[in-house]
Amino acid sequence: MEEEKKLSNPSSENEISEVGENEIAYEKADEHYTATNIQVLEGLEAVRKRPGMYIGTTASPGLHHLVWEIVDNAIDEALAGYCTEVAVTINKGDTITVTDNGRGIPVDTVAKSGLSGVETVYTILHAGGKFGEGGGYKVSGGLHGVGASVVNALSSWLEVTVHKDGGIYFLRFENGGHPVGHLQRIGDTDKTGTIVTFKPDETIFQETTVFDYSTIRDRLRQVAYLNRGIRIIVKDERGEQEIKESFCYEGGIKEYVQFINHNKTPIFDEIIYCEGSEIVEIGHELTGQVYAEVALQYNDGYTSSIFSFCNNVNTHEGGTHESGFQMAMVRVINAYARQNKFLKDNEDNLTYDDIKEGLTAIISVKHPNPQFEGQTKTKLGNSEVRKILSQIVGDQLNRFLLENPKVAKIMLDKIIMAANARIASRKARDEMRRKGGLELTTLPGKLADCSSKDPTVCELYIVEGNSAGGSAKNGRDRETQAILPLRGKILNVEKAQVKRIFANAEIGNMIQAIGGGIDPNFDVSKIRYHKIVIMTDADVDGSHIRILLLTFFFRYMRPLIEQGYVYIAQPPLYKVDYHNKSYYAYNDEQLEVLKKKLNLKPGYPFQRYKGLGEMDAQQLWETTMDPNNRKMLRVTIDDAIKAETVFTDLMGDNVEPRKDFIHQNAKFVKNLDI
């Protein structure tokens, strides 16, 4: 989660007028647009000038992206068949060292640059072994050759040591990628590989330069699952005792499915595995091999966990590999169901929504020339991949079902049950609409809507309890802020069938108010508010309601979270009245700072809020709802698979993961209300 960034708004007509005049002046200044206006950024200066274009953000995710880029280069060596082990170390002082036993970066001179291969790769954008005919890699992830140079540009210093051709070579860069001399041979060796150590530039990463071990560990574990047989070691040397973990999975994505399902209950032991490859044209009369593999298993749950990758990049928006997988599943399972009398002749086909209920699947494609839609590489666009996946999964899934009739029956019984639940749910919705209980075109009566119809400025506060809802309604900005009070806790959708979800009045009210429908037909473009704010009490019940709401959004309105529309309000925890003025603190640390600032004597009275209902309308507005003063957390999904595991552990049927979570985190709990 990240804190909401405040945007200042003009507070008067004079300010609005002044802004307008400045815009006109700016346009006039641009009328004489000539070649002298064009700024040419040399070398890596462009990266330092606009780092967000290359790593997305200079906050913590961008900081960790530097690690991914160097690791990607090492994994590319593994994909090429020359690397078996990669080690990542977080050193004291938050520097990173990545070591691999691949071929080593070329040390001879590159004709076009006149520089050594090492200096070329680390100082020139789009220079590397991943381009054109005769490239050094069959497939690659990363940023298509800009990774090493971008990391160098955004580091205060970077050192490269290469073991190659019997020699040890070394080069250091400083101040954003400037080489200190040239590549030097400093010794002899019979090993091969590359060692890269870098320190992120604090002037670029102003929010933080501290690496998170769990973030790096989880990503590297994922890479190990996706590349079977490769050993990846991660170490953290910053503490008193070194932390070290090693990942190597001979089962690859089959073991990944087991990992995701470890706290679920599979309905059969087998993990269905499909793999294959096909030669395709990749342009300029060149051909390359597309390799695809899929692993899947069903559990007794009601939600699906389907994750896709291309060249180790998580394509969380899907793409042609997912659509090919979907086509094969629908085609093969319907054919098998009819041939074996699971479906009668007069019954409709099973839908993909029926088929994916309780399904955990990993789809991984290695492609020599991937085409990703958008700069963030979240959706695969290669049209030929759809046919390849459809054929590979179709043929091998069909063979598995024919050879394993007992497993096939368990699987089809699960899918038929999901289809029957879908039909029952549809009938229940139709009946509720007929009775007026769930008319999606009518807003719920409990909703105090805002007057604006512009979703980009509208906010929906989902508030715990009627008393807090009343204060929020009276204290809000009626132009842009809508209030929907909740009566008690909503249904835990992690354990419920769809028909029960639609029958829940509080969930029905939220679906109607938000306006985008519900999965699988949720349409984020139709939502009525671009801020969905969860506002609950700062106690155990409030936290439980918050996680229930987040579970619902994650499972049935996931684009809301993916696109950053879900927020958590941060009401103050303490109030101090001093010299006829009220002061608020949002946590224990702020309270201590406030006491020192006001020079309060020990024992000076203060109020600890146990619930939003203790605040009147004015206090709630000033502390929690006023855009100029409030604090809000934006809910993000940095790692969908990690989020999947957390929601399953905390909200699923299995008790043991929750016990483990409590044991691990109890020491962090403060002000527990029981």
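Helix 8 (residues 253-260) lies across strand 11, strand 12, strand 13 and strand 15, at about 35° to strand 12. Here helices (H or I, at least four residues) and strands (E, at least two) are DSSP runs, numbered from the N terminus. Axes are lines fitted to C-alpha atoms, for helices over the stretch in contact, and angles run from 0 to 180 degrees between N-to-C directions. The model is predicted: local features need pLDDT of at least 70 and side-chain atom pairs count only at pLDDT 80 or more, while totals for chains, interfaces and linings use all residues. Residues are numbered from 1 along each chain as its sequence is written, and side-chain values use heavy atoms, with hydrogens and water left out.

**Overall composition**

- The protein has 21 helices and 23 strands.
- Of its 674 residues, 47% count as buried, where buried means under 20% relative accessible area, exposed over 50% and partly exposed in between (1.4 Å probe, protein chains only).
- Among contacts (heavy atoms within 4.5 Å) with a separation of 6 or more, 69% join residues 24 or more positions apart.

- An open sheet of mixed pairing is formed by five strands in the order 11-12-15-13-14; two strands pair if DSSP finds at least two bridges between them.
- Strand 11 (272-283) and strand 14 (313-314) are the edge strands, and each has a single partner strand, so one side of each is left without a neighbour in the sheet.
- Eight bridges join strand 12 (residues 286-298) to strand 15 (residues 359-366) in the antiparallel sense, and Tyr291 stands opposite Lys366 in strand 15.
- Helix 7 (residues 213-226) lies across strand 12, strand 13 (305-310) and strand 15, and runs at about 75° to strand 15.
- The buried residues of helix 8 include Ile253, Tyr256, Val257 and Ile260.
- Viewed down the axis of helix 8, its buried residues fall within an arc of 100°, so they line one face of the helix; the arc is that of the directions from the helix axis to the C-beta atoms.

**Strand 3 and its partners**

- Four of the five residues of strand 3 (residues 96-100) are buried, so this strand is largely enclosed by the rest of the structure.
- Strand 2 (residues 85-90) and strand 3 run antiparallel and are joined by five bridges, with Ile96 of strand 3 as the bridge partner of Ile90.
- These two strands form a hairpin with five residues between them, and Gly93 in the turn has a positive phi of about 85°.
- Strand 3 also pairs with strand 8 (residues 193-200) in the antiparallel sense over five bridges; Thr99 stands opposite Ile195 in strand 8.

**Helix 13 and helix 19**

- Helix 13 (residues 466-475) packs against helix 19 (residues 617-625) at an angle of about 80°, and their axes are 8 Å apart.
- The two helices are therefore roughly perpendicular to each other; angles under 35 degrees count as roughly parallel, over 145 as roughly antiparallel, 65 to 115 as roughly perpendicular and the rest as oblique.
- Helix 13 contributes Ala468, Ser471, Ala472, Asn474 and Gly475 to the contact, and helix 19 contributes Ala617, Leu620, Trp621 and Met625.
- By class, this contact has six nonpolar, three polar and no charged residues (Ala, Val, Leu, Ile, Met, Phe, Trp, Tyr, Cys and Pro count as nonpolar, Asp, Glu, Lys and Arg as charged, and the others, Gly among them, as polar).
- Gln619 lies in helix 19 and is buried, with a relative accessible area of 14%.
- Not counting residues up to four places away in sequence, Gln619 touches Lys575, Tyr584, Tyr609 and Glu614.
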